[in-house]
Amino acid sequence: MLSMLFKKFSLLVFLWVSLALTIRAQDTVQKVIADRTNSPEQQKKPYVILISIDAFRWDLADKYQAKNLIKLRESGVQADYLKPAYPSLTFPNHYTIATGLYPAHHGVVDNIFYDKARDVVYRKSDKKMAVDSSWYGGKPLWILAEEQKMLSAIFYWPGSEISMNGIRPTYLYNYNEVIPIDRRVAIVKDWLQLPAEKRPHFIALYFPQVDQAAHKHTADSEEARAAVQIVDDAIGKVVEAAKATGLAVNFIVVSDHGMTTIDRENTIPLPKAIDMNKFKVPPGNVLLHLYANQQKDIKPTYKALKAEATTYDVYLSKQIPKVWHYNKKNDLYNRVGDIILVPKLPNAFNINGIKPDPGQHGFDPAIRDMQAIFYAWGPNFKSGLKIPAFENVNIYPLIAKILGLTFSNKVDGKIKVLAPILTNP
Ligand code: AMP
Ligand code: ZN
Ligand code: ZN
């Protein structure tokens, strides 16, 4: 009898510990700073919900008839396309949208890069790096808001898990892919129903589904179509929830970049001219950074690469095209390779023997397939307006303006680019 009870007790302990470990591993708990409130002045301000749909190329709403996005953008403002920063990858661009700075100016120059001074490779998937503010420059919008006693709530935006000078979003989810999309919508609804002093005025959401489907199956697949529908449906529900509150909620829906299809059967191997004893070369398919152990090896390797390259472009860091804001002069954190290699579409690199997915991004933002979306609607936006393409660095001053947040930190974006889309510029 006693042994039966002991067995039952042990089983319960085991189940409890397993559950606790699973929850911890997935980190699905909302992090809340309980003692924060909006100042009385901030409570009078409007609301902004910034939504990013990863890899939602400029043409996908029409291509797959995303009915909510099509209807909503018509009620507000839509850009021809949104121009990503170079390289058109997730972490550099989300952090550019959040800070108004080009990647070489905020320091997150790639999803994976080497920092010579620290002798460390940054990886977006490394949880330790996701919370370490020393990798991230600039001042993200949620920090700007919190500094001015306006509450923010961030659901998964790259770079949002750090604290800057001890400040982080009042409401925060660390990145995980296990909270179902309907649950996320319900959480946003809960945020909007909080009392005025506790209700976040700046909310950012991130949807990875389209990127994941389009990498694996290309942007032209049934899977991409289905992912577009899932996200469109979720956005429709968030908008309904916001409408029901009667609050002055503005929506800005963006993507970080587009997607193209590469030739995954004939990939480019590591060029023969690169001696791996002389250079560090983190893996990549769409951009390779070569970090020299010794300065003297840069020139000869560059020359050898130039002689050998047919399927990719080779740049010394000082020669990287000016329009990318990515060359030696721009590289404030010294994290761009001494030489970079950029494949010419439909080519892509494969230097570690892992066949790349058919869908890829990261290429020149001037390439049509890399271009993204900007749709915005709500009480602060004009309606029925179509505007020319613009660079995503300009979103920062736009949101600061709507929320009445002031800033003295230097940013690359300019308010004059988007002021004309506001009802009260
Ligand atoms: P990319 O390699 O540029 O296509 O990056 C997109 C992927 O980044 C998504 O599929 C997610 O798995 C991952 N991701 C997005 N946001 C985060 C985040 N905040 N933390 C960690 N990983 C993320
Ligand atoms: Zn992305
Ligand atoms: Zn991607």
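By donors I mean N, O and S atoms within 2.8 Å of the metal (3.2 Å for Na, K and Ca); water is not among the atoms, so sites may look incomplete. Please keep in mind that this is a predicted model, where local features need pLDDT of at least 70 and side-chain atom pairs count only at pLDDT 80 or more, while totals for chains, interfaces and linings use all residues. Residues are numbered from 1 along each chain as its sequence is written, chains are lettered from A and ligands numbered from 1 in the order in which they are written, and side-chain values use heavy atoms, with hydrogens and water left out.

Two of them link distant parts of the chain: Thr 90 sits in helix H5 (residues 90–99), and Asp 256 in the loop between strand E10 (249–254) and E11, 166 residues apart. Helices (H or I, at least four residues) and strands (E, at least two) are DSSP runs, numbered from the N terminus.

Now, what lies 4.2 Å from the zinc ion (ligand 2)? That is the zinc ion (ligand 3). Why are Asp 211 and His 215 about one helical turn apart? Because they are four residues apart in helix H10.

Let's step back to the domains. The chain is divided into domain 1 (28–101 + 138–261 + 365–421) and domain 2 (279–357), with bounds that come from an automatic or database domain assignment. Their C-alpha centres lie 31 Å apart. The contact (heavy atoms within 4.5 Å) takes 11 residues from domain 1 and 10 residues from domain 2.

How much area do the two domains bury between them? About 790 Å², 67% of it on carbon and sulfur atoms. Buried area is the accessible area (1.4 Å probe) that two parts lose on being put together, summed over both. On the domain 1 side, helix H10 (209–217) and strand E11 (260–261) are the elements that give two or more residues. So H10 turns up again here, having carried Asp 211 and His 215.

Between the domains there are zero salt bridges, a salt bridge being a side-chain nitrogen of Lys or Arg within 4 Å of a carboxyl oxygen of Asp or Glu. The structure holds 18 of them, though. One joins Glu 146 and Arg 36, with the closest N and O atoms 2.7 Å apart. That pair is 110 residues apart in the chain, with Glu 146 in helix H8 (residues 141–147) and Arg 36 in the loop between strand E1 (31–32) and helix H2 (40–43).

A few backbone details to finish. A cis peptide bond joins Tyr 86 and Pro 87, with omega about 0°, and Pro 87 is in the loop between strand E4 (82–83) and H5. The bond from Leu 345 to Pro 346 is cis too, with omega near 5°. Lastly, Tyr 156 has a positive phi of about 85° although it is not a glycine; look for Tyr 156 in the loop between strand E7 (152–155) and strand E8 (171–173).
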